[in-house]
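Here is a colleague's note to read beside the model. Please keep the sequence and the structure open as you go through the points.

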Amino acid sequence: MSLYRNSAWFLKGLTEFTKGAFLSASKNFVEKDLETSMAGRSFMITGANSGIGKAAAMAIAKKGGTVHMVCRNKDKAEEARAEIVKESGNKEIYVHILDLSETKKVWEFVESFKKKYKTLNVLINNAGCMMTKREVNGEGLEKSFASNSLAVFIFIKSLIPLLEKSPDPRVITVSSGGMLVQKLRTGNLQSQRGRYDGTMVYAQNKRQQVVMTEQFAKAHPSIHFSVMHPGWVDTPTIANAMPDFHSSMKERLRTTEQGADTVVWLAVSEAAAKNPSGRFYQDRKMVSAHLPLAWTHSSQLEDQKFMSVMEDLAKGFQPH
């Protein structure tokens, strides 16, 4: 089955995830969807100093939105902020330094953010971490899971009250096409058993994000939740973690702006908010979160068990 999944995924990728596929899909985009001012609306974007996150931050800043950049590296973040301010003319761009793999600090950050700021209209979970070997953080959690799954869970869980008080609240999570080859697993979340394959662990984390989005959407109908696949994008993460794939596909990879297009559309357009909450998107369209005949669907019971495990894990690191 995994051979089928991988083959089906790669064939789908060649026709749908490349730069050419974006250019083809963009012929059907409605231009006026993005012709909107975001003045007075605030956006939090994780991993906003490079790649898709930076491209999204730039696009939103140009529309007048207040942007909270949540980044790990202070120097790179300040450099990106200066560039965004200069190009957009928007000074309402704020840098917050946080390593998403440090779970207690994630809690501390979101709780203090809620005390300091009275509104947040849009949360964009963009930061991603792909490890080449299994590493644990100071709290004993596997780093990829801590950054990609648990941090996203905590961000959403903690910020829901602030989002619910704000007009037209939205949560967008940047997933990956890799999740199409993974079925949700509720056991071995920390990748303690078996050989560690960083790419597959990342893909599993991304499947977890899809399930989280679906479940949070059911529980919080006043917030519009969405999860999206940016396509195959030329980012530092891909270049570092998947050098062979990056070098062989380089000419066909999307630009960061093309990768960020659906993120921005989901964050700012009226059209996106009219769609059902909790769905998976690619090139501004709702698409299936599963490959045909790939057996990657999980049951309602499995989804609920996963959310319960995440809830318990998150609570264990919550400051009292």
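1. Which residue in β3 is the bridge partner of His 68? The partner is Tyr 94. Helices (H or I, at least four residues) and strands (E, at least two) are DSSP runs, numbered from the N terminus.

2. This is a predicted model, where local features need pLDDT of at least 70, side-chain atom pairs count only at pLDDT 80 or more, and totals for chains, interfaces and linings use all residues. Residues are numbered from 1 along each chain as its sequence is written, and side-chain values use heavy atoms, with hydrogens and water left out.

3. The sheet is open and has eight strands. Their order is β3-β2-β1-β4-β5-β6-β7-β8, with mixed pairing. Two strands pair if DSSP finds at least two bridges between them.

4. Look next at β2, residues 66-71. It pairs with β3 in the parallel sense, over five bridges. β1 and β2 also run parallel, joined by five bridges. Ile 45 has Met 69 in β2 as its bridge partner.

5. Strand β1 covers residues 42-46, and five of its five residues are buried (under 20% relative accessible area; exposed is over 50%, partly exposed in between; 1.4 Å probe, protein chains only). Ser 42, Met 44 and Thr 46 point one way. Phe 43 and Ile 45 point the other way. In a regular strand the side chains alternate between the two faces of the sheet.

6. Helix α4 (residues 74-88) touches β2 and β3, where contact means heavy atoms within 4.5 Å. The direction of α4 makes about 170° with that of β3. Helix α7 (residues 198-219) touches β5 (170-174), β6 (224-228) and β7 (279-282). The direction of α7 makes about 165° with that of β6. Axes are lines fitted to C-alpha atoms, for helices over the stretch in contact, and angles run from 0 to 180 degrees between N-to-C directions.

7. How do α3 and α10 meet? Helix α3 (residues 51-62) packs against helix α10 (residues 256-268) at about 55°, with the axes 8 Å apart. The two are therefore oblique to each other (under 35 degrees is roughly parallel, over 145 roughly antiparallel, 65 to 115 roughly perpendicular, the rest oblique). The contact includes Ala 55 and Ala 59 of α3, and Gly 259 and Val 263 of α10. By class, it has ten nonpolar, three polar and one charged residues. Ala, Val, Leu, Ile, Met, Phe, Trp, Tyr, Cys and Pro count as nonpolar, Asp, Glu, Lys and Arg as charged, and the others, Gly among them, as polar.

8. The axes of α3 and α4 come within 9 Å and cross at roughly 35°. Lys 54, Ala 57, Met 58, Ala 61 and Lys 62 of α3 make the contact with Ala 80, Glu 83, Ile 84, Glu 87 and Ser 88 of α4. These residues divide into five nonpolar, one polar and four charged.

9. Two loop residues deserve a check. Asn 188 lies between β5 and α7. Its phi is near 55°, a positive value in a residue other than glycine. Asn 188 counts as buried, at 16% relative accessibility. Arg 284 lies in the loop between β7 and β8. Arg 284 is not a glycine, yet has a positive phi of about 65°. Arg 284 is buried, with a relative accessible area of 13%.
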